[in-house]
Amino acid sequence: MDSSRNSIARTAVDEHSEEDVYIKDEQTRGELGHRMAEDEAQAPTGPRKFQHAFWDAEVAHLRKIYFKILGMTVALLVVAMWLFFSIYWGSLGETAEHVPKLKAYVINRDGSNGEGLLGQAIVAAFEANSRGEGVAAKQHLTWTVVDSSYLPSNEDVAHAVVEEEVWAAVVVNSDATSLLTSARSSGNSSYDPRTALTFYYNQGRNEIAANSFIVPFTTALLQSTLSAFNAKTNAQYFASLTSGADEATRQQALAVIAQAPQTVSQPFNYQAVNLRPYTKTASQAVLLVGQIYIIILSFIITMTHDFARGIISPFLRFTSYARMRLLVPLVIYIPVSFSYAMVNLPFKITFDAKYTYAGGFFLFWVFVYLGMAAMGLATEAMITLLTPRFIAYFLIALIITNVSVASVPIVLQPSFYRYGYGFPVFNLSEAVRTIIFNTKNRLGLNAGVLLAWVALSMITVPLFTWLMRRKDEQAEKQKNAEKKIVV
């Protein structure tokens, strides 16, 4: 036992002796630039510290190395820009070309069998719009006329929009035409033209799609259609009064119009119902920009851990080292992700949209943790192969490929971007929307994708660690063999 301890002690002493010799050698060699110059045999004598200008001949060899490093960095950045920035630009560049991929419903309840004049006019206008008639190329949604029996009530229509069966729906409400006729004949002053049609949409699903395409295109179509139809129905109404009606009837009609002027000023109108409003501007922080912050935070942890584990890793067995690389980051992510979640509390993010406020907050924290683990362990794996010198380029790729599919709906992007359905930021963003806007619940699928990324890193981190450890062990054996030959 003692002999083994003495052996260990001698080994430690030998190692420290080697370190002392190395330090002395380094001190006699001078600074880093001199060492590099000696390695490349470019200068027989080294430059003196603090004694030279940048263009002095004595530092020419160091200047060459300096420019070489900068030149390689610029070249790599240019390549990275063309590879990855084009992905982000491409995700936004053709969104308007894909607007017809946004599906929507038209439901006609006007009359017992949809024979009401307003219903027929709306259906005809929306079908024509869906074919691209009267609008710029591809600047329209795709409208499908749905039988009212498929969605018997407006609550069913709203449910279909919230559950993302379609992006929007326009309903011609029950007996809209006959209600106007009745209001005109009776002088119903309580008649509300907006009860004729209802336009449902879901802004919380994606505010860019809603604000840029769904709402403006649909309201423009409704306004133009209703404006033409209102003018037509008014002309027909007044024509019926002037031809074939006696004076008493005309006077009575004028009195009725005075009682209910809205029946002729704007006979039909619509009401827009935003089923899931984008309630807080601060929500943008957690839906997109905050996702980038999560990647950056996890990357900082990866860099710090890479430096810290280098102190102890040479003395650990592989199994212990691999466990440390996996478990330590997962533990660190707990307080960091919780702090990230807590930052949102003063800004009144609506964590109570679907669950209780406390329940929504803690569920949000869980998903932030899963997102941080998914992306953080990915950088933990790749730093093994790329080393700290090149890991920043992987960080650029990780951020851009994730963010590119999280800002606008994937359906509005070229088919290449369908990869986003399996990427962390898209699923984290979708989960956050469910929690703070009460959109369609896919939390199980979102968590599954994030856990799949974590599981993949559980394989790649030990695998890459084993490959590098094997390389280091072979180098160590070769070094020891060379020492024996010298002795």
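**View 1. Salt bridge between arginine 309 and glutamate 380.** In this predicted model, the closest N and O atoms of the pair are 3.5 Å apart; a salt bridge is a side-chain nitrogen of Lys or Arg within 4 Å of a carboxyl oxygen of Asp or Glu. Arginine 309 lies in helix H10 (residues 283-312) and glutamate 380 in helix H12 (residues 357-403), so the pair ties together parts 71 residues apart in sequence. Helices are DSSP runs of H or I with at least four residues, numbered from the N terminus. Both arginine 309 and glutamate 380 are buried, meaning under 20% relative accessible area, with exposed over 50% and partly exposed in between (1.4 Å probe, protein chains only).

**View 2. Salt bridge between glutamate 207 and arginine 433.** Their closest N and O atoms are 3.0 Å apart. The pair links helix H7 (residues 207-242) with helix H13 (residues 424-437), 226 residues apart. Glutamate 207 is buried at 14% relative accessibility, and arginine 433 is buried at 6%.

**View 3. Salt bridge between arginine 194 and aspartate 192.** Here the closest N and O atoms are 3.3 Å apart. Arginine 194 is partly exposed at 44% relative accessibility, as is aspartate 192 at 26%.

**Notes.** Residues are numbered from 1 along each chain as its sequence is written, and side-chain values use heavy atoms, leaving out hydrogens and water. Local features need pLDDT of at least 70 and side-chain atom pairs count only at pLDDT 80 or more, while totals for chains, interfaces and linings use all residues.

Definitions and conventions:
Helix = DSSP H or I, 4+ residues; strand = E, 2+ residues; numbered from the N terminus.
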